[in-house]
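Colleague: I'd like to learn how to read a model like this one. Could you walk me through it?

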Amino acid sequence: MNDIDQAKQALREKVWRRLIDGGGAPEDSYGKIPGFYGAEDTAEQLAGQDFWRRATTVKANPDWAQLPVRVRALKDGKRVYMAVPRMASLEPFYLLDPESLSLPPEEAAEKKGAAQVARRLGVESMEPIDVVVCGSVAVNRSGARIGKGAGYSDLEVALLIEAGLVTDRTVIVAPVHALQVVDDDIPETEHDFSVDYIVTPEEVIPCTNRRRPSGLVWGDLTPEKIAAIPVLAHRRPS
């Protein structure tokens with residue numbers, strides 16, 4: 001583990017402990033994208049934003065913490081692209097279309113429900129994305145963020161940028177508990193992206209230090225990671 005990875009892991013450990021000890025999330029949140037208390041309120045905060053009202057297409061992680069946002073998007077009539085867990089498919093995104101769901105939004109937006117009723121799509125079959133909702137462990141007010149360390153959010157966003165589906169017009173948001181908003185510097189590498197807004201149960205925080213990769217950074221990917229994710233193995237440069 002290099003110095004940047006060590007610094008990120010130390011910050012994760014600090015925030016998981018602070019969040020759990022501070023009553024912001026259950027004990028079993030350690031090591032995960034935390035399913036924090038007040039997640040429903042972040043969905044309400046997000047729904048009040050002009051960029052959300054204008055959006056027709058939302059991409060979200062499959063984490064439990066973002067379930068209320070996925071449900072709200074479907075109830076608001078938005079198409080939701082939800083990443084297949086661990087990107088374990090050549091078609092690594094589910095499409096949840098509110099006009100054709102055979103389950104209530106609360107069930108369809110769960111991992112199990114999406115696997116039952118959603119179509120799987122590759123990037124070539126997707127529409128441009130207005131809002132990206134990303135799971136995070138920690139985020140600072142400049143917009144720098146870290147997830148749990150598996151790197152799937154970075155890969156999903158990079159893949160969508162490369163396909164022209166996430167553009168400068170796309171708004172990236174991190175719904176988190178207030179205890180996940182840190183004052184620490186978060187080291188960033190070439191493949192990291194920042195968020196445009198932090199959404200907590202109490203407030204929406206605009207971030208000004210926008211950072212996005214131009215696409216997949218193959219040099220940062222190990223052969224094992226590429227082999228484990230079918231869409232990467234298929235796209236790998238020869």
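Colleague: Is Arg70 buried or exposed, and which side chain of opposite charge is nearest?

Modeller: Buried means under 20% relative accessible area, exposed over 50%, partly exposed in between (1.4 Å probe, protein chains only). Lys and Arg count as positive, Asp and Glu as negative; His and the chain ends are not counted. A salt bridge needs a side-chain nitrogen of Lys or Arg within 4 Å of a carboxyl oxygen of Asp or Glu. Here Arg70 is buried without a salt bridge, and Asp63, the nearest side chain of opposite charge, is 6.4 Å away. This is a predicted model: local features need pLDDT of at least 70, side-chain atom pairs count only at pLDDT 80 or more, and totals for chains, interfaces and linings use all residues. Residues are numbered from 1 along each chain as its sequence is written, and side-chain values use heavy atoms, leaving out hydrogens and water.

Colleague: What does Arg70 touch?

Modeller: Contact means heavy atoms within 4.5 Å. Not counting residues up to four places away in sequence, Arg70 touches Ala60, Asn61, Pro62, Asp63, Val80, Met82, Ala109 and Glu110.

Colleague: And what is the strand order in the sheet?

Modeller: Strands of a sheet pair through backbone hydrogen bonds, either parallel or antiparallel. Two strands pair if DSSP finds at least two bridges between them; strands (E, at least two residues) and helices (H or I, at least four) are DSSP runs, numbered from the N terminus. This open sheet has 8 strands in the order 4-3-2-1-5-8-10-11, with mixed pairing. Strand 4 (119-121) and strand 11 (204-206) are at the edges with a single partner strand each, so one side of each has no neighbour in the sheet.

Colleague: How many bridges join strand 3 and strand 4?

Modeller: Strand 3 (residues 93-96) pairs with strand 4 in the antiparallel sense over 3 bridges, and Leu95 stands opposite Arg119 in strand 4.
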